[in-house]
Amino acid sequence: MRQKHVVSGLILLLLGGVMLLQSQIPQWRALAEASVESALNAGTSAEAWQLAAYQAESLPSVYPFTLLSRTITDLSAVAAAYERLPSVANFSLTSQPFLYSDIEPYYQFSRTLRTTIASLQSRLGRLPRGIFTPEQQQELRLLEGQMKILSGWLKDAEEIYATLKEHRDRVLILFMNENEARAGGGFAGSLAYLDFAPGGVYLSFHDIYSEDRLLPESAKLPALDYFTPLDPLISLKDVPALSADFPTLAEQYQDFYKAMPRSFVPSTVLAVDTQAIRTLLGALPRAITLEPWEITVTPENADMVLQFLVESKIAGRYDVKSPIMQLGVQLMDPTLWRGFALGEENAAALLELLEQGHVRLWSERRVLQSLAERAGMTGQVTRSRNIDDFLQLSITNIGANKSDRFVDTAVHHRTKVLPTGLGKVYLTLRRTHTLAPGEIDHLLGTTRLSPNVASTLTDAVRYVLGDSQNRAIMHLSLPAGAVIDNYSNPSGSYNVLEDSPFSNAQTVEFPMHVSPGESLEVVLEYTVPLKRGSSAWRPYSFELLPTPARERSEFIKTITTTDDGQLTAETENMGRPLPLQEQIYRAVVEF
């Protein structure tokens with residue numbers, strides 16, 4: 001594990017100093033080597049660490065051997081405290097609640113570990129850097145950074161736990177399905193409550209349709225015209241259609257819960273989607289099988305399996321979402337994570353999840369909101385200042401299916417900068433439905449399913465799973481001063497909406513309907529005013545605002561000018577295919 005790597009690296013670095021200073025005394029060197037070897041092999045065994053500490057007592061009571069012996073002694077104490085912790089088997093969704101009496105020892109252990117890390121950091125700081133080789137000095141800096149990060153994580157966890165417990169808070173966890181696209185990421189079909197109640201923490205799963213019945217009709221919001229075929233009123237399940245800005249969505253959820261009779265209003269809203277679940281599954285040491293239906297859930301098919309089991313109502317019409325609950329129970333089983341190691345690959349996957357908006361967090365509690373800000377999890381969509389041009393694309397699936405799983409989205413945004421202070425924009429938006437014949441059956445492994453399970457994969461279920469036309473409404477937010485010059489779209493005409501989620505902006509709305517195996521392209525040409533510079537030179541800045549949870553996406557930004565002009569500077573991201581994530585492009589044109 002990462003913590004073990006930090007500890008091992010620390011001991012090795014200390015030993016490196018010892019060897020350089022005291023190599024002329026072979027018996028001291030042998031004692032130090034034996035102590036370090038025992039520590040490196042101790043793992044989390046309190047008995048093995050006790051033996052290493054006993055060996056370290058034989059080291060000379062002179063500097064720098066005292067640093068090594070005290071370090072091993074401290075780590076031995078940490079291992080002993082770890083071994084005294086309650087069994088993680090106590091933490092199971094099937095044994096409600098998570099008692100504070102079981103959680104509290106972990107809280108205290110975290111504080112003990114942070115104290116030990118602070119002591120280790122102090123000792124490292126007293127080591128003379130001159131005794132290390134350049135390579136060892138680099139490893140020392142890395143080690144110091146790792147300990148700082150680990151200590152920060154522990155402190156965050158302690159403060160979050162203490163805050164939520166003190167305020168008896170509820171955390172609303174939304175499970176969004178980006179395969180049915182919404183402006184805010186995806187359709188929210190299921191949710192969970194993490195309640196910090198007297199005595200312990202309760203975790204419960206719910207079908208969002210059931211919770212919707214508790215919301216008074218008078219509290220629901222009127223839907224925009226394009227959304228009324230799905231539902232004329234916006235309720236809990238439809239909130240993600242309102243905005244790409246996650247804080248806006250979270251505050252709307254709070255308003256809805258305030259309107260519910262005898263409702264527990266959440267202080268915190270956490271949204272995760274199927275891509276996040278697929279990433280978790282990819283990090284697991286072993287696979288998960290949903291036993292009632294003998295279906296193995298993998299990173300490649302997790303979303304499709306859950307959609308199939310839910311849409312087929314295989315668990316019964318009154319327990320439709322139980323497959324999601326069963327997967328959640330297994331994912332929360334601590335024994336499933338034995339042998340897990342973060343590693344570079346899993347760390348990179350987690351970072352990508354946050355960058356693409358697959359995990360988002362909002363809280364009225366400052367400690368949690370601060371964590372969201374530092375981790376890039378806020379999901380906030382706001383414009384930067386001093387930007388000449390910008391674009392934000394929102395996608396809403398109105399086909400009542402999960403076909404966005406198979407749709408690629410590519411945007412090419414080209415701007416021709418003119419000396420007159422105008423920018424001529426040529427935008428192409430292409431959507432390609434990539435579903436291949438037999439792909440759904442391949443993902444589900446229908447040939448391996450029992451006849452009773454396979455028989456529920458009807459044509460109606462296949463339609464919902466994505467073997468159908470992807471019908472979407474696109475919303476492009478542009479500068480208020482943009483003037484549309486040309487528009488081409490086989491799916492239909494466009495509307496310019498008066499309301500926009502951004503100031504000094506306008507929203508262009510149009511449909512895009514693409515069937516399996518087809519590709520559709522929309523062309524939009526418009527002119528934007530460029531107020532900075534002069535007829536001799538024009539600086540140009542463009543901001544791409546994020547489209548949440550759109551993994552299968554590509555954006556390319558290019559810039560041109562007249563024959564008598566030339567680009568004298570541009571950012572490196574210009575002309576590169578990148579996801580629909582936050583990007584700022586800059587260039588300077590001289591005439």
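1. Contact means heavy atoms within 4.5 Å. This is a predicted model, in which local features need pLDDT of at least 70, side-chain atom pairs count only at pLDDT 80 or more, and totals for chains, interfaces and linings use all residues. Residues are numbered from 1 along each chain as its sequence is written, and side-chain values use heavy atoms, with hydrogens and water left out.

2. Overall make-up. The protein has 16 helices and 22 strands. Both are DSSP runs numbered from the N terminus: helices are H or I with at least four residues, strands are E with at least two. The C-alpha trace spans about 85 × 70 × 50 Å along its principal axes. Of the 591 residues, 51% are buried. Buried means under 20% relative accessible area, exposed over 50%, and partly exposed in between, with a 1.4 Å probe and protein chains only.

3. Open sheet. Its 7 strands follow the order β16-β17-β14-β11-β19-β22-β21, with mixed pairing. Two strands pair if DSSP finds at least two bridges between them. β16 (495–497) and β21 each have a single partner strand, so one side of each is left without a neighbour in the sheet. Neighbouring strands are turned by 25 degrees against each other on average, direction ignored.

4. Strands β14 (residues 470–479) and β17 (residues 505–514) run antiparallel, joined by 10 bridges. Ile473 has Pro511 of β17 as its bridge partner. β19 (residues 537–545) and β22 (residues 583–590) are also antiparallel, with 8 bridges. There, Leu544 stands opposite Gln583. β21 (residues 566–570) joins β22 through 4 bridges, again antiparallel. Gln566 stands opposite Glu590 in that pair.

5. Strand β12 (residues 407–417). Which residues lie on its covered face? They are Val407, Thr409, Val411, His413, Thr415 and Val417. The uncovered face holds Asp408, Ala410, His412, Arg414 and Lys416. β12 pairs antiparallel with β13 (residues 422–433) through 11 bridges. Lys416 stands opposite Lys424 in β13. The two strands form a hairpin with 4 residues between them, and Gly421 in the turn has a positive phi of about 90 degrees. β12 also runs parallel to β20 (residues 553–561), with 9 bridges. Ala410 has Glu554 of β20 as its bridge partner.

6. Largest nonpolar core. It has 36 residues; Leu391, Leu429, Leu476 and Phe510 touch the most other members. Such a core is a set of buried Ala, Val, Leu, Ile, Met, Phe, Trp, Tyr and Cys residues joined through side-chain atoms within 4.5 Å. Strand β18 (residues 519–529) gives the largest share, 5 residues. Leu429 touches, among others, Thr409, Val411, Phe510 and Leu520, not counting residues up to four places away in sequence. In soluble globular proteins, nonpolar side chains tend to be buried together.

7. Helix packing. α10 (residues 302–311) and α11 (residues 322–331) pack at about 140 degrees, with axes 8 Å apart. That angle makes α10 oblique to α11. Axes are lines fitted to C-alpha atoms, for helices over the stretch in contact, and angles run from 0 to 180 degrees between N-to-C directions. Under 35 degrees counts as roughly parallel, over 145 as roughly antiparallel, 65 to 115 as roughly perpendicular, and the rest as oblique. Leu306, Leu309 and Val310 of α10 meet Pro323, Ile324 and Leu327 of α11.
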